[in-house]
Amino acid sequence: MADMMDKIVSLCKRRGFIFQGSDIYGGLANTWDYGPYGVELKNNVKRAWWKTNVYERDDMLGMDAAILMNPKVWEASGHVKNFFDLKRDCKSCKKRFKDADLKDKSKCPECRGELTESRPFNLMFETHQGAVIDEANLIYLRPETAQGMFVNFLNILDSRHPKLPFGLAQVGKAFRNEITPGNLTFRTREFEQMEIEYFVRPENADKKLQEWIELHFNWYSDLGIKRENLRKRAHGPDELAHYAKACTDIEYNFPFGWSELEGIANRTDFDLKQHSQYSGKDLRFFDDVKKEKILPYIIEPSGGVDRTVLAFLTDAYSEEKVKDDLRVVLKLHKDLAPVKVAVLPLLKNRPEIVEMARAISKDLKKHTVAVYDDTAAIGKLYRRQDEVGTPFCVTVDVQSLQDRQVTVRDRDSMQQERISVDSLKEYLLQKLAG
Ligand code: GAP
């Protein structure tokens, strides 16, 4: 299975999904840059998430808060005090290890040098705002997007007057000085989160928690992840974050083992209570049905964009024997595929064929993500599109010049159909919508 991870890393680099960050300088450990196909896949994942969680519901509103926040936010949220890993340093090679990962707590797993006692290591990235670098200007890069939504709770109430239950959704960067990043984009120090803060009456919190777990479990499988590769895992009391009363992870069966894709937590009224106290603002919600002021509980589905992209890539990756050849196909859901249609001329030395193919591609581009490619023989062009998950290839050949029909090839079945150029757009758009 580790072999599978190598195949994914190799495909990502070969085809332009994900590159090592700062590559020409030898990289910067555990940073990754999304290439032309990677950015499309990532944007499609975020778009699909936003569509399900914001556009298709009446009780959700979107937000985009600043990454840099008043440092009091992180005191109130408990991150300054509680957001740390226990680590030990090797006295010889100076490497740092997470206490929980060490089998032998006294010897360095790499050079067998002596390890220090375990010490707390805060995971928040620190920086300084403005020209003077001193304690007074210390600020943090946010380690979760969630707090941007809590601190805007009053602004949302005053501007949009929502009724309980309602939620806020946000997609954005978060930063954590992880001690042991790794497995491509699975654990990095800079990553993106897709988070929802759903405000409910306290007595409804348990029920809503279960609802969100089901909804989000189904979201992954509706977008093509095989159900046998997904599972739910409830946290034990010793695993819960400092703010959570309950949490269930949705896990994916990655090549390196079952690991968290998303956590869905009951944060109770912890955050609103803390921010009321620290800001001195009354963050209670006036329930005009029950005529009372309450601090709502918060149900928080919190997923990682980069992990989700990795799970979709891994699940879609397949190899098939076709005659004597190995076909690598990314069987991505059509909504996630970076390119929807590739238009390919069978013979690039025939100007009429090239012209017709270019005209078809130009027209399709107005309606979907279409590309034109004539840089190789047709077999190679198909293989290239299979590897990046393009659901349909349209081939223009000599016959097309006479009968104005083209060949449409389906990525998964490799079935080919002749379709008239005049109905091609409707045909493809219907298939892509269905
Ligand atoms: N607001 C709650 C929160 O941040 P979390 O479980 O620490 O909860 C939520 O993070 C999600 O963010 C995780 O399920 C994971 O998908 C993603 N995530 C967390 N740390 C990450 C990292 N270092 N690299 C990539 N993704 C990460």
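Is Ser22 buried, partly exposed or exposed? At 38% relative accessibility, Ser22 counts as partly exposed (buried means under 20% relative accessible area, exposed over 50%, and partly exposed in between, with a 1.4 Å probe and protein chains only). The model is predicted, and for that reason local features need pLDDT of at least 70 and side-chain atom pairs count only at pLDDT 80 or more, while totals for chains, interfaces and linings use all residues. Residues are numbered from 1 along each chain as its sequence is written, and side-chain values use heavy atoms, with hydrogens and water left out.

Most residues other than glycine have a negative phi, and most peptide bonds are trans. Ser22 is not a glycine, yet its phi is positive, at about 50 degrees. Its place is the loop between β1 and β2 (32-34); here helices (H or I, at least four residues) and strands (E, at least two) are DSSP runs, numbered from the N terminus. Leu184 likewise has a positive phi, near 55 degrees, in a residue other than glycine. Leu184 lies in the loop between β9 and β10 (190-200) and counts as buried at 7% relative accessibility. A further backbone feature is the peptide bond from Leu164 to Pro165, which is cis with omega near -5 degrees. Pro165 belongs to the loop between α6 (153-160) and β9 (166-175).

Next come the aromatic side chains. A pair of aromatic rings is described by the distance of the centres and the angle of the planes. Rings of Phe, Tyr and Trp (its six-membered ring) pair if their centres lie within 6.5 Å, and planes under 30 degrees apart count as stacked, over 60 as edge-to-face and the rest as tilted. A search of the whole structure finds 12 aromatic pairs. One of them joins Phe17 and Tyr37, a tilted pair at 5.7 Å centre to centre with 35 degrees between the planes. Phe17 sits in the loop between α1 (2-15) and β1 (18-20) and Tyr37 in helix α2 (residues 36-55), so the pair ties together parts that are 20 residues apart in sequence. Phe17 is buried at 0% relative accessibility, whereas Tyr37 is partly exposed with a relative accessible area of 22%.

Trp219 and Phe312 form another pair: the ring centres are 6.2 Å apart and the planes lie at 75 degrees, so the pair is edge-to-face. Because Trp219 lies in helix α7 (residues 205-222) and Phe312 in helix α9 (residues 305-316), this pair ties together parts that are 93 residues apart in sequence. Both Trp219 and Phe312 are buried. Elsewhere, ring pairs link Phe186, Tyr252, Phe254 and Phe256 into a cluster.

Rings also meet charges. A charge sits over a ring if NZ of Lys or CZ of Arg is within 6 Å of the ring centre and within 35 degrees of the ring normal. The charged end of Lys232 sits over the ring of Phe217, 4.7 Å from its centre, and that of Arg267 sits over the ring of Tyr243, 3.5 Å from its centre.

Helix packing brings some of these residues back into view. Two packed helices are described by the angle between their axes and the distance between the axes. Axes are lines fitted to C-alpha atoms, for helices over the stretch in contact, and angles run from 0 to 180 degrees between N-to-C directions. The axes of α2 and α9 come within 10 Å and cross at roughly 110 degrees. That makes α2 roughly perpendicular to α9 (angles under 35 degrees count as roughly parallel, over 145 as roughly antiparallel, 65 to 115 as roughly perpendicular and the rest as oblique). Residues in contact (heavy atoms within 4.5 Å) include Leu41 and Val45 of α2 and Val309 and Phe312 of α9.

Helices α2 and α7 pack at an angle of about 140 degrees, with their axes 12 Å apart, and are therefore oblique to each other. The contact is made by Val45, Ala48, Trp49, Thr52 and Asn53 of α2 and Trp212, His216 and Trp219 of α7.

Asn229, in the loop between α7 and β11 (230-234), is buried with a relative accessible area of 15%. Not counting residues up to four places away in sequence, Asn229 touches Glu251, Tyr252, Asn253, Trp258 and Asp315. Asp271, in helix α8 (residues 270-279), is buried with a relative accessible area of 0%. With that sequence limit of four places again applied, Asp271 touches Gln147 and Phe150.
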